[in-house]
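Hi,

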Amino acid sequence: MKGVIMVVLAVLAMVQVQQADEVYTCLDIQNYLLACTSYMIGDAARPSLICCDHLKQVRDWGVTTKDKRDTCNCLKLAISTYQHIIDERLASMLGMCEVILSFSLSKNMDCNS
């Protein structure tokens, strides 16, 4: 299990999303998603303000179609590292945070459309 986590972290660190002159890695996105953990696993009734702020920043990183697809894939990879995520919580998190993405959040989201 420890080896799998190390491989996932290595992949997260390698994939990059770019906005203007700034580059963000999948590891950045996973770290931002950490603020949403208590909501995603059912321990909190609402996403925290920090979670919502982080989702807004992640949204802003996806400017081009490629950026949006890369962001989606990074989120999908980050979500896959959590064992106890409730898919309904993922689906409702964007609406509760008033964040609009070109894709919905789920364990099985399609990043190619």
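Predicted model: local features only at pLDDT ≥ 70, side-chain atom pairs only at ≥ 80, totals over all residues.

Below are my notes on the disulfides and on one helix.

First, some ground rules. Residues are numbered from 1 along each chain as its sequence is written, and side-chain values use heavy atoms, with hydrogens and water left out.

The structure holds four disulfides (a disulfide being a pair of cysteine sulfur atoms within 2.5 Å). Counting bonded cysteines along the protein chain, they follow the pattern 1-6, 2-3, 4-7, 5-8. Here are three of them, one by one.

Cys26 and Cys74 are joined with their sulfur atoms 1.8 Å apart. This link of Cys26 and Cys74 is left-handed, with -70° about the S-S bond. Because Cys26 sits in helix 2 (residues 26–33) and Cys74 in helix 5, the pair ties together parts that are 48 residues apart in sequence. Helices here are DSSP runs of H or I, at least four residues long, numbered from the N terminus. Cys26 counts as buried at 1% relative accessibility, and Cys74 does so at 0%. Buried means under 20% relative accessible area, with exposed over 50% and partly exposed in between (1.4 Å probe, protein chains only).

In the disulfide of Cys36 and Cys51, the sulfur atoms are 2.0 Å apart. With 100° about the S-S bond, this link of Cys36 and Cys51 is right-handed. It connects distant parts of the chain, 15 residues apart: Cys36 is in the loop between helix 2 and helix 3 (37–40), and Cys51 is in helix 4 (residues 49–61). Cys36 is buried, at a relative accessible area of 1%, and Cys51 is buried at 0%.

Cys72 and Cys111 also form a disulfide, with a sulfur separation of 2.0 Å. Its -75° about the S-S bond makes the link of Cys72 and Cys111 left-handed. Cys72 belongs to helix 5 and Cys111 to the segment after helix 6 (87–96), distant parts of the chain that are 39 residues apart. Both Cys72 and Cys111 are buried.

Now for helix 5 itself. The 16 residues of helix 5 (residues 65–80) should span 22 Å at 1.5 Å a residue, and the end C-alpha atoms are 22 Å apart, which agrees. The expected span is 1.5 Å times one less than the number of residues in the helix. Among the buried residues of helix 5 are Cys72, Cys74, Leu75, Ala78 and Ile79.

Enjoy exploring!

Notes
Helix = DSSP H or I, 4+ residues; strand = E, 2+ residues; numbered from the N terminus.
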